[in-house]
Amino acid sequence: MAQRADDRGHGGLGHRRRRAAALPEVILCSLAVVATASLAVDVPPDSGRFVVPLSRQRLPVRVDDNTLSYKSIYFGSVTVGTPTPQHFSVVFDTGSGHVIVPSGECKSEACQVHRRYERRVSVDAVDIDHDGKTSPAGGTRDEVTIAFGTGEVVGHIVRDNICLGAKGTPGVQVAWPSTEAAAAASTTVSAPSSCLELRVVTAIEMSDEPFYAFAFDGVLGLGLESLALAPEFSFFGVMTAQKRLQQPCFAVFLAGGDDEISEISFGGYSPERFLGELAWVPVVHPELGHWQVQIKRVMVGNKTIDFCEDGQCRAVVDTGTSLLGVPWAMADEIRSLLEGSLRDPDESVPLKDGHIDCSLAEGLPMHFEINGVIITLGPADYLKPSTMLEDDDLEDDAGSIHESQSDDHRHEGSGIVDGEAADRAEEAREAEEQADADAEEVLMDTCRHAMLPMRLPEPLGPKLFIWGEPVLRKYYTVYDWAEQRVGFAVAAHDRPQRRHPDADAESVADALSR
């Protein structure tokens, strides 16, 4: 989730402003050259690995006046406060740097439909200002404004305890460290704690776009430390600094279908979730706060696109994004090459989830060369079902959002089914059912590319790609905080993903050598 963050001081406390350019919404594939390295680290015996299951919410999306598509969002559980934990659903977002939950003081509609944080319920909560000092009781509070392209959050800062997972739900699974020290102390060591004290932004204002439309309550930012207002806001940075983890990394697996469970792992990765070895790629420009890698070359089929030959192209790996973001200047060329080769599955092919099965579509693959690694995206990865409506019957409602084509675009979060959030989830399901009903009279059910053209200024742009759900669903990704690098490996899905013949490593290598 791309963000800009402003820290506003009031009442003579000063004014500080900090910004991270807003980003939009994103892909991947076969590894030709693999480099491996261990993540071994000296850890205390009570550190561990914490695996949080992620649920998926599928939402109808109005692409334009006559086209309906769908996107998926993923969410997990956290609790805030003691002794009574307050439960929230959050999107674990590598594109932002703060933990944000709605405040009980918030009157915005987007807050009212979600669970809200009650400051008075937590005995350990402390109101603080932007500099970390305790805010005087009854005094003017500092406000933080965090912008996400199409909307923003205004909030106060509270220091409180936050824990991964939620009691009574499928939450954190503890994986013990495989160290001699842990084994020797197995009879005395208590379970590793997934809780820590952190500066949390409690939203007193939330814009309707995009927060009202989704069931998720808040955001847990996992961007690099420089994306946060201060290190004390960074959840993973604090967890790493306190040596709570077996390894200084986290990893993401997105399910390939409803028969699998998505997950995010803190403190290590799950080897059973990927095939082969991890290929490590260094993060470039970490001072910008994003998990971005350099792209040396882009190909569609066997054709090299000259746009990236100057070495200035980069890709941000963004767990809060659902599309493939591509630089505006090359979007038309990519689209033209792809669309000229696309063929929908035969009408005799059975539908998948009530829609055309785009995993069986024919078309050219895209290849990205990064640090000697070839990332390939086939039509099964960059296409999604779309319905061409006969009439403009689908209304914009709580279950439908617009894909922004503006310079600043914000991706979505998600929610958990419980309490008020259950009502929002039910509304989303009803909206999806209504969308399907409205789509019965159609001109065409077809496969459409999941690309979003972007115009982004320096220093992030203008040659920036955003890699989101399509990439993350095909590839298992590991984010190494200590070494500032990203690991890629083909995800081990229950059902093998269909491969295009041009995705073969040999043919790609031959093309790259020409």
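Are Trp291 and Tyr479 buried or exposed?

Reply: Both Trp291 and Tyr479 are buried. Buried here stands for a relative accessible area under 20%, exposed for one over 50%, and partly exposed for what lies in between, with a 1.4 Å probe and protein chains only.

The model is predicted, so local features need pLDDT of at least 70 and side-chain atom pairs count only at pLDDT 80 or more, whereas totals for chains, interfaces and linings use all residues. Residues are numbered from 1 along each chain as its sequence is written, and side-chain values use heavy atoms, with hydrogens and water left out.

To describe a pair of aromatic rings, one gives the distance of the centres and the angle of the planes. Rings of Phe, Tyr and Trp (its six-membered ring) pair if their centres lie within 6.5 Å; planes under 30 degrees apart count as stacked, over 60 as edge-to-face, and the rest as tilted. There are 17 aromatic pairs in the structure. One of them joins Phe211 and Phe216, whose planes meet at 55° with the ring centres 6.0 Å apart, so this pair is tilted. Phe211 is buried at a relative accessible area of 2%, and Phe216 is buried at 1%.

For Trp291 and Tyr479, the ring centres are 5.4 Å apart and the planes stand at 75°, so the pair is edge-to-face. The pair connects distant parts of the chain, 188 residues apart: Trp291 lies in the loop between β15 (279-282) and β16 (292-295), and Tyr479 in strand β28 (residues 475-480). Strands (E, at least two residues) are DSSP runs numbered from the N terminus. Trp291 and Tyr479 also belong to one aromatic cluster, together with Phe92, Phe235, Phe236, Phe250, Phe266 and Trp481.

Strand β16 holds Gln292, which counts as buried at 0% relative accessibility. Leaving aside residues up to four places away in sequence, Gln292 touches several residues, including Pro282, His285, Arg314 and Leu464; contact means heavy atoms within 4.5 Å.

A charge sits over a ring if NZ of Lys or CZ of Arg is within 6 Å of the ring centre and within 35 degrees of the ring normal. The charged end of Arg455 is placed over the ring of Trp328, 3.9 Å from its centre. Lys463 is found over the face of Phe307, 4.4 Å from the ring centre.

Definitions and conventions
Helices (H or I, at least four residues) and strands (E, at least two) are DSSP runs, numbered from the N terminus.
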